[in-house]
Amino acid sequence: MAGAIPVQTQEDIVPPTPKPIGYRLAGVLLAPGVAATMHLVLTGPLGLSLEDGFGLMTVTLAPLVVGMVAWIAVMLLEQGLGKEKSRRIWMAVAFGALAASILAIVPADVTTGAKWGLVALFSAVAVVLIPTMAARGQKD
């Protein structure tokens, strides 16, 4: 059959669906955006002056580094202890770190509004990272 037109299949027309990136990677990538947004809202419309060293670059990069370290730590825990036990350990360590970071704000020499702003900033990042690192049944 010279000159016959080949038949196209659905695989030829429809591109394959992209692979999911996983909850943990999404959390690591979302946390800096949440932190930067909180920083801009606190210092912009609310007019709070945060402690020195809490500039936009620091506030954006710190959650990225913390998220990467948390992801690696959770993966190592899962390899050594199994998923359920590692999730319990992760939750305890994560909430302990959040409590320690909030308690470290108390003696800071800043206004009460700035202290509450930092508590809100730290809590917003924790709201993203803690559940995404403890995600069940999802790809890493």
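Where in α2 does a kink of about 30 degrees lie?

What we have here is a predicted model, in which local features need pLDDT of at least 70, side-chain atom pairs count only at pLDDT 80 or more, and totals for chains, interfaces and linings use all residues. Residues are numbered from 1 along each chain as its sequence is written, and side-chain values use heavy atoms, with hydrogens and water left out.

A word on confidence. pLDDT is the predictor's confidence in each residue, from 0 to 100. The protein chain has a mean of 81, and 79% of its residues reach 70 or more. Where pLDDT is low, the predicted coordinates should not be read in detail. By helices I mean DSSP runs of H or I with at least four residues, numbered from the N terminus.

Now, back to α2. The kink sits at L30, shortly before the proline P32. The bend at a residue is the angle between axes fitted to the seven residues ending there and the seven starting there. As for length, the end C-alpha atoms of α2 are 30 Å apart, which agrees with the 30 Å that its 21 residues should span at 1.5 Å a residue. That expected span is 1.5 Å times one less than the number of residues.

Which residues of α2 are buried? They are R24, G27, V28, A31, P32, A35, A36, H39 and L42. Buried means under 20% relative accessible area, exposed means over 50%, and partly exposed is in between, using a 1.4 Å probe and protein chains only. The cover over these α2 residues includes α3 and α5.

From α3, let me pick out two residues. E78 lies in this helix, and it counts as buried because its relative accessibility is 12%. Its side chain makes a polar contact of 2.6 Å with that of R24. For us, a polar contact is a pair of N or O atoms within 3.5 Å; within protein, one must be able to donate a hydrogen and the other to accept it, and residues adjacent in sequence count only if both atoms are side-chain atoms. V66 is also placed in α3, but V66 is partly exposed, since its relative accessible area is 48%.

On to the largest nonpolar core, which has 22 residues; W90, L121 and M133 touch the most other members. Helices α2, α3, α4 and α5 each supply at least two of its residues, and the largest share, nine, comes from α5. Such a core is a set of buried Ala, Val, Leu, Ile, Met, Phe, Trp, Tyr and Cys residues joined through side-chain atoms within 4.5 Å. Leaving aside neighbours within four places in sequence, L121 is in contact (heavy atoms within 4.5 Å) with A35, M38, H39, L42 and V59.

And α5 itself? This helix bends by about 25 degrees at A126.

Last stop, α4. Here S86, R87, W90, A94, L98 and I105 are buried, and the buried residues of α4 pack against α3 and α5. A134, in the segment after α5, touches R87, W90 and M91, not counting residues up to four places away in sequence. A134 counts as buried because its relative accessibility is 13%.
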